[in-house]
Amino acid sequence: MIPQYASALLISDIHLTPSMPLTAQRFFDFCEKQAPQAESVFILGDLFEYWVGDDAFINSPFQQEVKRALANLATKTKIYYVHGNRDFLIGSTFLKNTGMTLLSDPSVIDIANQKYVIAHGDSLCTADIGYQVFRRWVRKPWLQKLFLKLPLGWRRSIADHLRSNSYTKYQRAASASSQRNRIRTNVTLQACAELLKQHSSNQLIHGHTHLPAHHHEHLGEQAWQRWVLSDWDLDHPESTAPRASALQIDSQGVRYVDLIKA
Ligand code: MN
């Protein structure tokens with residue numbers, strides 16, 4: 001069944017971690033102030049900087065705080081969540097505790113009588129062949145089951161190791177990286193066209209690339225619009241301008257809401 005609402009706020013790539021307290025605070029404020037005003041909220045992945053299993057969150061004061069913010073929001077509005085490439089191990093315990101509903105990546109949603117395809121975005125980065133191989137492996141259920149059986153300390157050090165390699169590196173300095181690297185780590189026209197064709201849609205919303213923009217694109221006869229969600233970072237003013245934004249959809253159309261100014 002396609003989620004259908006009159007209004008929605010979409011966010012992604014908050015990368016919540018205790019070491020980014022200003023970003024976390026902006027997220028908590030969003031849950032209290034802006035988010036309840038929409039009929040539905042969609043979190044398109046990478047809500048957390050990393051997630052090594054639902055059992056870890058029981059003992060994490062920070063993750064408990066995030067849980068409380070989401071559970072409180074869930075009493076006011078409907079929350080949907082799509083796995084990102086950093087928090088794809090979020091499981092049924094955390095979902096149940098927060099009241100979020102998991103959607104598959106990709107999914108189709110209907111907001112104000114318009115159909116949109118939503119995705120985290122990493123599966124569309126098909127020019128990065130190494131990453132796609134890595135992704136296919138880590139998304140195998142049997143491998144995830146094995147990983148989740150490892151002691152927590154081991155899981156944390158594996159996650160640290162993966163975060164420090166190029167496949168999962170946080171693209172904070174994406175705009176400063178080389179042109180070739182930017183093409184490799186961006187979505188491809190072919191992948192977007194194919195996805196939209198499969199779902200008979202011409203509107204795509206995703207995060208992951210940290211390159212927020214509204215694009216009008218085409219490939220051959222096929223034309224579509226693509227909105228990229230912003231990542232959030234209020235904790236590194238020395239390397240990047242503070243940013244936090246949401247995409248708002250209602251009968252007025254689609255627009256970005258700057259949560260730094262809000
Ligand atoms: Mn991502």
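Two strands are taken to pair if DSSP finds at least two bridges between them. Strands (E, at least two residues) and helices (H or I, at least four) are DSSP runs, numbered from the N terminus. The model is predicted: local features need pLDDT of at least 70, side-chain atom pairs count only at pLDDT 80 or more, and totals for chains, interfaces and linings use all residues. Residues are numbered from 1 along each chain as its sequence is written, and side-chain values use heavy atoms, with hydrogens and water left out.

Strand β8 (residues 203-206) is joined to β10 by four bridges, and the two run parallel. Opposite L204 stands R226 in β10. Strand β8 also pairs with β7 (residues 114-119) in the parallel sense, over three bridges. Here H206 of β8 stands opposite A119.

The side chains of β8 were examined next. In a regular strand, side chains alternate between the two faces of the sheet. In β8, Q203 and I205 point one way, and L204 and H206 point the other way. All four are buried, where buried means under 20% relative accessible area, exposed over 50%, and partly exposed in between (1.4 Å probe, protein chains only).

The loop between α9 and β8 holds S201. This serine is buried, with a relative accessible area of 12%. Contact means heavy atoms within 4.5 Å. S201 touches K115, Y116, V117 and L196, not counting residues up to four places away in sequence. R155 lies 46 residues from S201 along the chain, and their C-alpha atoms are separated by 39 Å.

A second open sheet also has six strands, in the order β5-β4-β3-β2-β11-β12. Pairing in this sheet is mixed. The edge strands are β5 (101-102) and β12 (253-258), each of which pairs on one side only. Strands β3 and β4 (residues 78-81) pair in the parallel sense over four bridges. Within β4, K78 is the bridge partner of S40.

Helix α1 (residues 21-32) has 12 residues. From its first C-alpha to its last, α1 reaches 17 Å, close to the 16 Å expected at 1.5 Å a residue. The expected span is 1.5 Å times one less than the number of residues. The buried residues of α1 are T23, A24, R26, F27, F28, F30 and C31. They pack against β2 (8-11), β3 (40-43), α3 (61-74) and β11 (245-250).

The structure holds zero disulfides. C125 is in none, and the nearest cysteine sulfur, that of C192, is 8.7 Å away. C192 is likewise in no disulfide, and the nearest cysteine sulfur to it is that of C125. C125 is buried, with a relative accessible area of 3%. C192 is buried too, with a relative accessible area of 0%.

Definitions and conventions
A disulfide is a pair of cysteine sulfur atoms within 2.5 Å.
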